[in-house]
Amino acid sequence: MYHNPVLLKQSVDDLVTNPDGIYVDCTFGGGGHSREIIERLSENGKLYAFDQDLDALENKLDNPKFTLINQNFRFLENSLLMYGVSQVDGILADLGVSSHQFDEAVRGFSTRSNAPLDMRMNIMQSLDAKKVINDYDEESLADIFYYYGELREARKLARDIVHHRKNKTIETTDDLKKLFSYLPPHKVNKFYAQLFQAIRIEVNQELEVLKEMLVQSYKILKPGGRLVVISYHSLEDRLVKRFLKNGMFEGEPQRDIYGNYEKAFELVKSKAIVPDDKEIEENSRARSAKMRTGIKI
């Protein structure tokens, strides 16, 4: 399977409220969520899906209600305008890396396989993990590890990398992992997961792209339209939670004399929805998933 969709029924239940409406799947991947959305639409309904990964194009659905756009969802608004769409009824974004991208060892996303340092979701872009590791200065690397990987030892890690690459270019995931072979075995898995996450976020500019998509989503959603986001780590979830709460990513909204502020969305549920034990048992990658849904006010 290309990708096992997470929180499939819950996300589409929240998303589709008008069978005749126009909907967007920001992360098409294997098409699991898109297929479920189309099942809920009438002949008048329409679904536009986005994916920048060329591999995902092979999963394109043969359905007159469906259009697949080979673009990063940071270009959401302008891409839809090219199809004459300025407002939509709902937007779904299942963030993170697909199962296919993890399983394709050559892509360099997985900590389990030796592969070239790549980690690009869009293989046409120039920046890859090898450039980040070998070309970024020590301070920049430390910031990436600290802010994107939440690694407390970020400065030491950056220093180790810069020292090693003076003598030999770091080419593969195994080359990188060998630099930290001194780690105790019980810390290895979590450490590499955080390290690879940090590099991947930088390569793909994932947090900046997410912010751009959220802002554009608010602009193109109809009043009463729904934004459903499934995230997989605290950095993403924090941005989504804050944006759905007050339309901002940092700082505090301006309040009136009574302490009230103008909301951007009404939350469907105050707490994030998470997969149940059965889904996690069937799909271990669902373990860290959190889903939040907002209705545009």
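**Figure 1. Gln-205 in the loop between H9 and helix H10.** Gln-205 sits in the loop that runs between H9 and helix H10 (206–220), shown here as in every view from a predicted model. The backbone of Gln-205 has a phi near 50 degrees, a positive value in a residue other than glycine.

**Figure 2. Glu-150 in the loop between helix H6 and helix H7.** Glu-150 is placed in the loop between helix H6 (138–149) and helix H7 (154–165), and although Glu-150 is not a glycine, its phi is positive, at about 50 degrees. The relative accessibility of Glu-150 is 39%, and the residue therefore counts as partly exposed.

Figure 3. Arg-155 belongs to helix H7. When residues up to four places away in sequence are not counted, Arg-155 touches Glu-138, Glu-139, Ala-142 and Asp-143. A further spacing can be followed from Arg-155 to Phe-145: the two residues are 10 residues apart in sequence, and their C-alpha atoms are 8.2 Å apart in space.

Figure 4. Residues up to four places away in sequence being left out, the contacts of Arg-200 are with Val-97, Phe-109, Met-119, Met-121, Glu-206 and His-233.

**Figure 5. The aromatic pair Phe-180 and Phe-191.** A search of the whole structure finds nine aromatic pairs. In the pair of Phe-180 and Phe-191, the ring centres are 5.4 Å apart and the planes stand at 70 degrees, so the pair is edge-to-face, the limit for that class being an angle over 60 degrees. Phe-180 lies in the loop between helix H8 (173–178) and helix H9 (185–204), whereas Phe-191 lies in helix H9, so the pair ties together parts that are 11 residues apart in sequence. Phe-180 is buried, with a relative accessible area of 1%, and Phe-191, at 3% relative accessibility, counts as buried as well.

**Figure 6. The aromatic pair Phe-243 and Phe-265.** The ring centres of Phe-243 and Phe-265 are 5.9 Å apart and the ring planes are at 55 degrees, so this pair is tilted. Phe-243 is part of helix H11 (residues 234–246) and Phe-265 is part of strand E6 (residues 265–267), and the pair links these distant parts of the chain, 22 residues apart. Both Phe-243 and Phe-265 are buried.

Figure 7. Phe-180 and Phe-191 form one aromatic cluster together with Tyr-182 and Tyr-192.

Figure 8. Glu-279 is located in helix H12 (residues 277–282), and at 15% relative accessibility Glu-279 counts as buried. Neighbours within four places in sequence being left aside, Glu-279 is in contact with Pro-5, Val-6, Leu-7, Gln-10 and Ala-286. For one of these residues, Val-6, the C-alpha atom is separated from that of Glu-279 by 8.1 Å, although the two residues are 273 residues apart along the chain.

**Figure 9. Asn-63 in the loop between strand E2 and strand E3.** Asn-63 occupies the loop between strand E2 (46–50) and strand E3 (66–69), and with a relative accessible area of 24% Asn-63 is partly exposed.

Figure 10. The chain has 12 helices and seven strands, and its C-alpha trace spans about 60 × 55 × 40 Å along the principal axes. A compact globule of 297 residues would have a radius of gyration near 19 Å, and the 20 Å of the chain agrees with this. Buried residues make up 52% of the 297 residues. Of the contacts in the chain with a separation of 6 or more, 65% are accounted for by residues 24 or more positions apart.

Terms used. Residues numbered from 1 in each chain as written. Predicted model: local features only at pLDDT ≥ 70, side-chain atom pairs only at ≥ 80, totals over all residues. Heavy atoms only, no water. Helix = DSSP H or I, 4+ residues; strand = E, 2+ residues; numbered from the N terminus. Rg over C-alpha atoms; globule rule 2.2 N^0.38 Å. Buried < 20%, exposed > 50% of the residue type's maximum accessible area, 1.4 Å probe, protein only. Contact = heavy atoms within 4.5 Å. Phe/Tyr/Trp six-rings, centres within 6.5 Å; stacked < 30°, edge-to-face > 60°.
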